[in-house]
Structures are given as structure tokens and as C-alpha cells.
Amino acid sequence: MSLAIDGLPPLREVIAAHGLDPKKSFGQNFLLDLNLTGRIARQALPFGDATIVEVGPGPGGLTRALLANGAQRLVAIEKDRRCIAALGEIAGHYPGRLEIIEADALTVDIARLANRGPVKIVANLPYNVGTQLLLNWLTPRGWPPAWSDLTLMFQREVAERIVAAPGSDAYGRLGVLAGWRTRAAILFDVSREAFTPPPKVTSSVVRLEPLPAPIDVPVAALERVTAAAFGQRRKMLRQSIKGLGGEALLVQAGIDPQRRAETLDIAEFCRLAALL
Ligand code: SAM
């Protein structure tokens with residue numbers, strides 16, 4: 001049973017009143033349990049004077065939890081026009097604290113939403129664009145980024161790739177990019193049944209914090225070398241990165257050409273990227 005946290009109607013009523021039948025094309029798997037949305041929101045505390053950015057508020061379960069937990073400035077970016085009126089009712093309940101942007105979050109520059117304090121991004125991400133959104137936030141122009149931390153729900157398999165260590169099956173491009181610039185950890189899992197409709201797999205909430213001084217290499221070079229290396233992850237590196245310099249490049253970087261991509265740590269990938 002959901003707790004009444006704010007005097008607003010239960011989410012099921014909101015969904016019925018506004019005709020928000022979940023659409024697969026928008027990656028809509030809604031969380032209707034306000035205890036659970038509260039637990040997710042609290043992972044991003046303390047809010048202080050931060051601008052909280054929520055991507056994909058949908059009917060507003062997590063939005064309401066963020067506001068009930070004290071968010072003073074919340075910017076919610078939603079692509080599905082049907083949700084905007086429902087979110088407007090929440091904004092009316094919390095005057096001056098919720099700004100709603102109807103847009104595709106892939107096109108929104110988070111840095112432009114920053115006000116005085118830090119930016120914290122909190123979201124139950126649409127699975128179809130979740131990885132791309134994270135990659136955008138990991139590769140802004142310049143570092144440190146405009147955000148101070150990310151609290152994000154992904155499919156468990158994607159979460160495992162984000163936090164993967166060298167040598168593991170889940171280790172790949174995403175793990176190198178996330179590990180290069182952030183400290184990332186899985187906080188807890190959320191079962192399929194918590195969502196309406198239930199997705200096919202378990203989800204996980206991931207927390208990412210920017211490293212103050214990641215190894216200084218161009219993003220594009222690191223992306224090229226990881227794409228080539230993990231594109232043929234079962235092959236020796238001298239073969240998989242042949243087009244980028246192969247054996248000569250590996251020797252120059254002090255890396256055994258017979259190794260495979262998944263054995264290289266992040267510093268080694270950065271050494272290769274720096275030589276490109
Ligand atoms: N936050 C709500 C919750 O937890 O119940 C909804 C989460 S649902 C997994 C993903 C939300 O992202 C949906 O509301 C969907 O319409 C929205 N969405 C999908 N693609 C989007 C995009 N490119 N930009 C912004 N919002 C998007």
C-alpha cells in the first residue's frame with residue numbers, strides 16, 4: 001500500500017484521469033509505490049540548494065518523492081506530451097519548485113539548467129535511451145561536468161556493465177568510460193513487479209560521482225580504442241586494434257599485443273588513447 005506523502009491523488013487515479021496508458025515506444029514502466037520512489041529519491045540527499053534534474057517524470061511518482069523530500073528546485077524533462085498536464089498539477093501543489101520541460105532529454109544540455117548550486121540528476125530512465133543519456137552525461141565538453149552526482153535506474157544488466165571491473169564478462173566500453181570519469185556503484189535492485197507494466201528483467205539503481213581529475217585523454221580517442229578493442233573482444237589486441245596501429249601501438253604503450261581487451265585496465269586504455 002502506498003503512503004500518502006503529499007495529499008495529491010494516488011498515481012493510479014492520475015494515470016486514469018489523464019489517460020496515461022504506458023507506451024512501449026516511450027520506454028514507460030511506471031513506479032506507483034511511493035515508498036519505493038521515496039527510497040530512490042533519498043539516495044540523492046542532501047539536496048541543499050541543488051537543482052534536481054529528473055528525466056522522464058511520467059505520471060510523477062519519483063517527482064513527488066523528490067519534492068516531498070525537500071527538493072527546492074526540480075526540473076523535470078518529459079518527452080510524452082500526455083504527461084505534462086498531470087505534472088502541472090504537481091507543480092501547482094509545490095508552487096515555484098517544479099519546472100516542467102517538454103523535450104527529448106537527449107537534446108537537453110544539462111549545463112544550461114544549472115542555477116546557483118550543484119545539479120543532481122535523478123531518474124528512472126527509459127530503457128531505450130538510458131545508455132545514450134548516460135554516455136552524454138559522461139562526455140560533456142570539459143570536466144568536471146555540470147552535475148555533482150547521478151542516481152539512475154537501469155536494467156540490471158546495464159548497471160553491471162557500468163560498474164564492471166577488468167576481467168569480468170560485463171566489462172566493456174561502458175565500464176571503461178564510466179570508470180574513467182566516475183566512481184560508480186550499484187545501490188540496490190528493484191524487482192520487475194514494482195513496475196507498471198513489469199519489464200522483462202530486474203532493475204538496479206546506480207549512483208555515479210565524478211572523479212575530480214580523471215586521466216587526461218581525448219574522449220574521442222578513448223571511444224575509438226574501446227570500440228575497436230571490445231568490438232572483437234575474444235581476439236588478441238594486436239588483431240582487434242589493427243586499424244589503429246595494432247602491435248606497434250601496443251608495444252609503444254608497453255602492453256603485450258597478445259592480451260585481450262577485457263584484461264586491460266582503464267589506465268592502459270588511456271595510454272593507448274593518448275598515443276592515437
Ligand atoms: N519517472 C516515472 C516513474 O518512475 O514512474 C517514469 C519512468 S519511465 C521508465 C520513463 C519515462 O521517460 C517515461 O515517462 C517516458 O515518457 C519518458 N521518456 C522516454 N524517452 C524520453 C526522452 N527521450 N526524453 C525525456 N523523457 C523520455
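Helix H5 (residues 130-138) packs against helix H7 (residues 173-181) at an angle of about 35 degrees, and their axes are 10 Å apart. Axes are lines fitted to C-alpha atoms, for helices over the stretch in contact, and angles run from 0 to 180 degrees between N-to-C directions. Helices (H or I, at least four residues) and strands (E, at least two) are DSSP runs, numbered from the N terminus. The crossing of H5 and H7 is left-handed, a term used if the near helix is turned anticlockwise from the far one by less than a right angle. On H5 the contact is made by Thr131, Leu135 and Leu138, and on H7 by Leu174, Leu177, Ala178 and Arg181. Two residues are in contact if their C-beta atoms, placed from the backbone, lie within 7 Å. Five residues of this H5-H7 contact are nonpolar, one is polar and one is charged. Here Ala, Val, Leu, Ile, Met, Phe, Trp, Tyr, Cys and Pro count as nonpolar, Asp, Glu, Lys and Arg as charged, and the others, Gly among them, as polar.

The model is predicted: local features need pLDDT of at least 70, side-chain atom pairs count only at pLDDT 80 or more, and totals for chains, interfaces and linings use all residues. Residues are numbered from 1 along each chain as its sequence is written.

The ligand is surrounded by 23 residues, the closest being Gly56, Gly58, Ala105, Asn124 and Pro126; a residue is near a molecule if its C-beta atom, placed from the backbone, lies within 6 Å of it. This shell has 12 nonpolar, seven polar and four charged residues. S1, H3 and strand S3 (73-78) each supply at least two residues of the shell. Seven of the eight residues of H3 are buried. After H3 comes Gly70, with a positive phi near 105 degrees.

An unreviewed UniProt entry lists Asn29, Leu31, Gly56, Glu78, Asp104 and Asn124 under "binding site"; such annotations may be inferred rather than shown by experiment.

| Residue | Loop between | Contacts, not counting residues up to four places away in sequence |
|---|---|---|
| Asn29 | helix H1 (11-18) and strand S1 (30-31) | Pro22, Phe195, Pro197 and Pro199 |
| Gly56 | strand S2 (51-55) and helix H3 (61-68) | Glu78, Ala123, Asn124, Leu125 and Pro126 |

Asn29 counts as buried because it has 21 C-beta neighbours inside 10 Å, and Gly56 because it has 25. A residue is buried if 20 or more other C-beta atoms lie within 10 Å of its own, exposed if 12 or fewer, and partly exposed in between.
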